[in-house]
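Thanks for sending this one over. Here are my notes, point by point, to read beside the model.

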Amino acid sequence: GSREAVEKRRDSLASMCDERARMLQDQFNVSMNHLQALAILVSTFHHAQTPSAINQATFSRYAERTAFERPLTSGVAYAVRVTHAERDQFERQQGWSIKKMYSFNKKYGPSGDAAAAEIREPAEEYAPVIFAQDAYKNVISFDMLSGDDDRENIIRARESGKGVLTAPFKLLNTRLGVISTYTVYKTELPANARPQERIQAAIGYLGGIFDIEALVDKLLHQLAGKQSIMVNVYDTTNEWPISMYGSNDTGDGMYHNSTLNFGDPSRRHEMHCRFMQKP
Ligand code: WA2
């Protein structure tokens, strides 16, 4: 009867949604693992060698050639820890000055110059990007501690020693993205190292930029039956879910909710699926 038909339709929606959620989660996990490997590469060939065996050219070439390992990312970037006392020497060595993100400041104008905005209160430390995949080389020299989402991510990454994620937010290139961060430490730390030890030993932050809109779309298009269901992905960490992917069409009312685990225990994600057409 019609009850059976509804049940069957519900089951088929559930299995299609679960399949998509599992696929997205797997690709996310694979990408995160490779970001961790990239953090180890920077630790080994940049920090543990004098002189460093990595510069922007080698970093971007390696990142580009291994991009297939990080299927949901559109780029990677590496920021180093610089204390206020080290700043002058660091800037002289680099040949550029550390810039603030989003410093479209009325008083000082859109100079992007941290020095101007900091006449009142200099920061204690900075995290300027020194290496980036070509698509993001415009973020080189920007202080990642000067943006709220990036800052919170870096702080959480370095005291936990784990890979962490931001909520979706508007990146410097104006696209919606999620940043995943792994910390590089001066020395290898035991798994049970205390947050305070971790904070002290942190020397850099490797970030992967997840371009959710474009890359989830590509992923879902690879699946048969993409035309028949509508997929939305949300960050449901806070009371108000933030849309990460999908339109807000309402379909025919029946929907399935598949849980997603992106590996950061302090963030929650869900996939919602609906049929496009009525039965
Ligand atoms: N990378 C690229 N574009 C951005 C951005 C970012 N963060 N933040 C805003 N727009 C180097 O967690 C360390 C990368 C931050 C990593």
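The points below cover confidence, the disulfide and the salt bridges.

1. Ground rules. This is a predicted model, in which local features need pLDDT of at least 70 and side-chain atom pairs count only at pLDDT 80 or more, while totals for chains, interfaces and linings use all residues. Residues are numbered from 1 along each chain as its sequence is written, and side-chain values use heavy atoms, with hydrogens and water left out.

2. Confidence. pLDDT is the predictor's confidence in each residue, on a scale from 0 to 100. The protein chain has a mean pLDDT of 91, with 90% of its residues at 70 or more. Please look at residues 105-109, where pLDDT stays under 50. For that stretch the model has eight contacts (heavy atoms within 4.5 Å) beyond four places in sequence.

3. The disulfide. The structure holds one disulfide, meaning a pair of cysteine sulfur atoms within 2.5 Å. Its partners are cysteine 17 and cysteine 273, with sulfur atoms 2.1 Å apart. The link is right-handed, with 75 degrees about the S-S bond. Cysteine 17 lies in helix 1 (residues 2-47) and cysteine 273 in strand 14, so the pair ties together parts that are 256 residues apart in sequence. Helices (H or I, at least four residues) and strands (E, at least two) are DSSP runs, numbered from the N terminus. Cysteine 17 is buried at 0% relative accessibility, and cysteine 273 is also buried at 0%; buried means under 20% relative accessible area, exposed over 50%, and partly exposed in between (1.4 Å probe, protein chains only).

4. Arginine 87 and glutamate 91 are both buried.

5. Arginine 158 pairs with glutamate 125 at 3.0 Å between the closest N and O atoms. This pair ties helix 5 (residues 148-160) to strand 4 (residues 125-126), parts that are 33 residues apart in sequence. Arginine 158 is buried at 7% and glutamate 125 is buried at 18%. Arg81 joins Glu125 and Arg158 in a network of salt bridges. Arginine 156 meets aspartate 264 at 2.8 Å, N to O. Aspartate 264 lies in the loop between strand 13 (255-260) and strand 14 (269-275), so this pair ties together parts 108 residues apart in sequence. Aspartate 264 is buried, at 5% relative accessibility.

Definitions and conventions
A salt bridge is a side-chain nitrogen of Lys or Arg within 4 Å of a carboxyl oxygen of Asp or Glu.
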